[in-house]
Amino acid sequence: KKPAGAPDKALARKVTKVGVVGAGLMASQLALLFARRLEVPVVLTDLDQARLDKGVGYVHAEVDKLRAKGRVSADQAGRIKALVTGSLSKDAFADADFVIEAVFEDLDVKRKVLAEVEAVVSDECVLATNTSSLSITAMASGLRRPERVVGFHFFNPVAVMPLLEIVRGDATDDATLATAFSVAKTLKKSSVLVKDAPAFVVNRLLTRFMGEVIAAVDEGTPLEVADHALDGLGLPMTPFTLLQLVGPAVALHVAETMHTAFPDRFGVSANLAALVAAGKPGVYGADLQIDPEAR
Ligand code: CAA
C-alpha cells in the first residue's frame with residue numbers, strides 16, 4: 001500500500017551507492033541496514049581512523065551474529081562485509097546517490113556537514129538526515145539545492161524497529177521524497193510522512209511519555225515503582241531501559257528541543273540534565289546505572 005502523501009514512485013531515482021556521515025552506533029547500524037537491504041556499496045566517513053574502524057568493526061560483528069543465527073547465508077555475510085567501507089574523506093561520496101548524516105544533534109554541525117557533502121556529490125544525490133528533532137527546513141537552508149534534503153528518522157535498534165519517519169522540509173521536492181520512500185521500502189521499513197515540526201511526531205509522543213516517568217521519579221516515586229508501573233500493559237521494555245537504549249544525551253536533547261518550541265507544554269528534568277552533564281557512568285535515581293555515552 002502506498003504510504004499517505006508519498007509522491008508517484010516513478011519519480012524515484014535509482015540508488016547505487018550510499019554514503020553515511022558518522023561512524024557512531026547509529027551510523028554503523030544504518031550502514032549495516034543499507035548494505036544488507038540495498039546491496040550497494042556503503043561508505044562511512046568520520047573524523048578519525050579509530051572511529052571508522054570501530055564503525056566497520058560493529059558492522060562485521062553484527063553480520064557474524066546474523067550468520068550465527070542463520071539469518072544470512074555465508075555468501076550474503078561476505079558480501080555485506082565487503083560492501084561496507086570507511087573513508088576519512090567525504091570525496092568518497094562523489095559517486096553516491098544517497099547520503100545520510102547521523103552526526104551529533106546540533107543544527108550548526110549538521111548544516112556544516114551537509115554543505116561539505118553537497119560540495120562533492122552530484123546534483124541528483126539525495127541528502128538525508130537522521131535527526132530526531134531538528135528542523136529539516138533550517139538544515140537545508142543555505143545549501144545550493146535545498147530541495148534534495150529530506151528527514152529520514154530511524155528508531156533504535158535500527159535493525160529491529162520497523163518504523164521510519166520521512167520528513168518533508170519546505171523545499172524538499174517530489175523526486176527526493178519519492179526516492180526516500182523507495183529506499184525505505186527496500187530497507188523493509190514502514191514509513192510515515194510527517195510534517196517538519198519540532199521532534200516531528202513520534203518523539204513528541206515519546207518525549208511526553210518519558211518525561212512524565214522521569215518527572216514521577218524526580219518528584220519522589222521510587223524509580224523501581226515508576227519504571228515497572230506499566231509492566232502490565234505489555235510494553236516491550238520499561239521506560240528507563242528505553243532511556244538507556246535511546247541514550248540519555250539524545251533524550252535530553254529532544255526534551256530541550258520540545259521545551260524551546262513549546263515551553264508551556266514540555267519541561268526538562270534537571271536530574272536528567274545533570275546526569276548527562278556528569279558524563280560516564282551516570283546513575284539515575286537510586287539504583288539505575290546509565291551510560292550516557294551509550295548512544
Ligand atoms: N541490535 C540488533 N538487533 C537487536 C538489538 C540491537 N541493539 N536489540 C535486540 N535485537 C534483536 C535481537 O537480536 C532479537 O533478534 P532475533 O529475533 O533475530 O534473535 C530481536 O531483536 C528481539 O530481541 P530480544 O528477544 O533480545 O528482546 P525483546 O523481545 O525484548 O526485543 C526490542 C528487544 C526489540 C528492543 C524491544 O524491547 C523493543 O521493541 N523495545 C522498544 C524500543 C523502542 O521503543 N525504540 C524506539 C526508541 S526511540 C528512538 O530511537 C528515536 C529517537 O530519535 C531517540
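## The largest nonpolar core

The largest nonpolar core has 77 residues, of which Val20, Leu30, Ala31, Val99, Val150 and Ala180 touch the most other members; such a core is a set of buried Ala, Val, Leu, Ile, Met, Phe, Trp, Tyr and Cys residues joined through C-beta atoms within 7 Å. A residue is buried if 20 or more other C-beta atoms lie within 10 Å of its own, exposed if 12 or fewer, and partly exposed in between, with C-beta atoms placed from the backbone. Helix 1 (residues 25-38) gives the largest share of this core, eight residues, where a helix is a DSSP run of H or I with at least four residues, and a strand a run of E with at least two, numbered from the N terminus. Because domain 1 (9-195) and domain 2 (203-294) both give residues to this core, it lies between them; the domain bounds come from an automatic or database assignment.

## About the model

This is a predicted model, in which local features need pLDDT of at least 70 and side-chain atom pairs count only at pLDDT 80 or more, while totals for chains, interfaces and linings use all residues. Residues are numbered from 1 along each chain as its sequence is written.

## The whole chain

The protein chain has 11 helices and 10 strands, and 43% of its 295 residues count as buried. Its C-alpha trace spans about 55 × 45 × 40 Å along the principal axes.

## Around the ligand

Among the 15 residues around the ligand, Ser132, Phe155, Asn156, Pro157 and Pro236 come nearest, a residue being near if its C-beta atom, placed from the backbone, lies within 6 Å. Helix 7 (202-218) and helix 9 (239-246) are the elements that give two or more residues to this shell.
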